[in-house]
Amino acid sequence: MRRGKEAGEPVSGSRGPKCHKNQPTNHFFTKETLLLLWNWPWGARFPLDKCETEYSIKGCKLSADRSLYSAADAVIIHHADIMGNRNALPQQPRNPYQRWIWLNLEPPLIISNLDMLDNLFNLTMTFRRDSDIYNPYGHIESLEEPQNFTIPAKSKLVSWVVSKWYPGIRRIAYYEELKKHISVDIYGARHMKLSGEKFQSTISQYKFYLAFENSVYPDYITEKLWINALGSWTVPVVLGASRENYEKYIPGDAFIHVDDFPTAKELAAYLLELEKNDEKYRKYFNWRSRHRVSPWKGWPYSYCKACETIQQGPRYQVIRSVAKWFLKDNSF
């Protein structure tokens with residue numbers, strides 16, 4: 001088990017996408033680095049003055065005022081909000097020292113039109129560990145000393161909260177087979193209603209939670225694990241990236257991976273076995289005496305970290321093809 005560094009922290013020497021390197025510049029960044037939000041991600045607005053007061057990141061100014069475009073040291077562009085229209089990208093002449101940051105937290109299943117980004121962006125900011133600016137959905141932190149913990153009372157077996165029902169993807173097919181062998185309570189738009197206020201208190205009553213991702217893609221480990229399962233103190237049953245990939249983020253004895261079982265029927269049998277064996281079930285919580293869960297801190301922190309990266313003056317680069325990097329078959 002990793003100690004010292006936070007689980008999920010990129011290893012030293014990791015690199016972003018292969019790109020065309022220009023000659024280093026002598027551009028001098030002023031004391032205050034200006035990061036322009038070209039669009040609000042998914043339309044979500046948030047305070048832009050928290051870098052120093054909340055995160056101790058000094059010398060950064062965030063703004064959504066497009067009239068400051070020509071003066072901005074960097075422009076951060078959320079892909080999902082521009083992918084349907086290339087003209088939604090900045091059209092004005094560009095300062096030669098200005099960095100464009102490609103921000104994306106979605107897998108290939110969700111996004112499109114990556115080819116229109118060729119030779120425009122300088123930095124990537126995604127959940128991928130090899131991004132220039134690493135922005136994961138969560139991580140765990142090591143505790144200085146072991147701590148006692150109490151597992152919430154469990155009176156129910158398996159739950160799943162699903163908002164989008166994509167026909168034909170693996171998680172739906174797996175669920176259809178799994179439900180033949182074990183009862184699963186489903187919450188969401190097409191199923192039982194569950195308010196945000198009652199989410200944690202409801203899900204914490206279950207022994208297991210199906211943290212099934214909508215995509216099988218490297219490092220795509222979302223709030224389904226960090227908030228829905230671990231945040232509710234239930235044992236996650238994960239479907240998505242490989243077990244090896246998950247173990248870069250959380251201890252191997254903190255979750256159950258569907259790939260550990262030849263069939264859904266055998267997974268169901270194992271869950272039913274754990275239901276009857278409290279001692280064996282409790283072992284899936286032992287890691288909590290040494291670690292705590294730290295989910296994604298939200299947009300303000302992500303943007304402040306992006307500004308801090310620009311402030312540190314990364315080597316200038318142009319990404320020839322975001323598509324080639326993001327869509328490559330990358331197993332790590």
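Tyr174, Glu177 and Leu178 in helix α2 meet Ala264, Leu267 and Ala268 in helix α6, where contact means heavy atoms within 4.5 Å, and helices (H or I, at least four residues) and strands (E, at least two) are DSSP runs numbered from the N terminus. The residues of this contact divide into 5 nonpolar, no polar and 1 charged, with Ala, Val, Leu, Ile, Met, Phe, Trp, Tyr, Cys and Pro counted as nonpolar, Asp, Glu, Lys and Arg as charged, and the others, Gly among them, as polar. This is a predicted model, in which local features need pLDDT of at least 70 and side-chain atom pairs count only at pLDDT 80 or more, while totals for chains, interfaces and linings use all residues. Residues are numbered from 1 along each chain as its sequence is written, and side-chain values use heavy atoms, leaving out hydrogens and water.

**Whole chain**
- The chain has 9 helices and 15 strands.
- Buried residues, those under 20% relative accessible area (1.4 Å probe, protein chains only), make up 52% of the 332 residues in the chain.

**Helix α8**
- Helix α8 covers residues 299-311, and its end C-alpha atoms are 18 Å apart, which agrees with the 18 Å that its 13 residues should span at 1.5 Å a residue, the expected span being 1.5 Å times one less than the number of residues.
- Among the buried residues of α8 are Trp299, Tyr303 and Ile310.
- Gly313, whose phi is positive, near 70°, follows α8.

**Around Phe208**
- Leaving aside neighbours within four places in sequence, Phe208 is in contact with residues including Leu157, Ile256 and Tyr281.

Terms used: Buried < 20%, exposed > 50% of the residue type's maximum accessible area, 1.4 Å probe, protein only.
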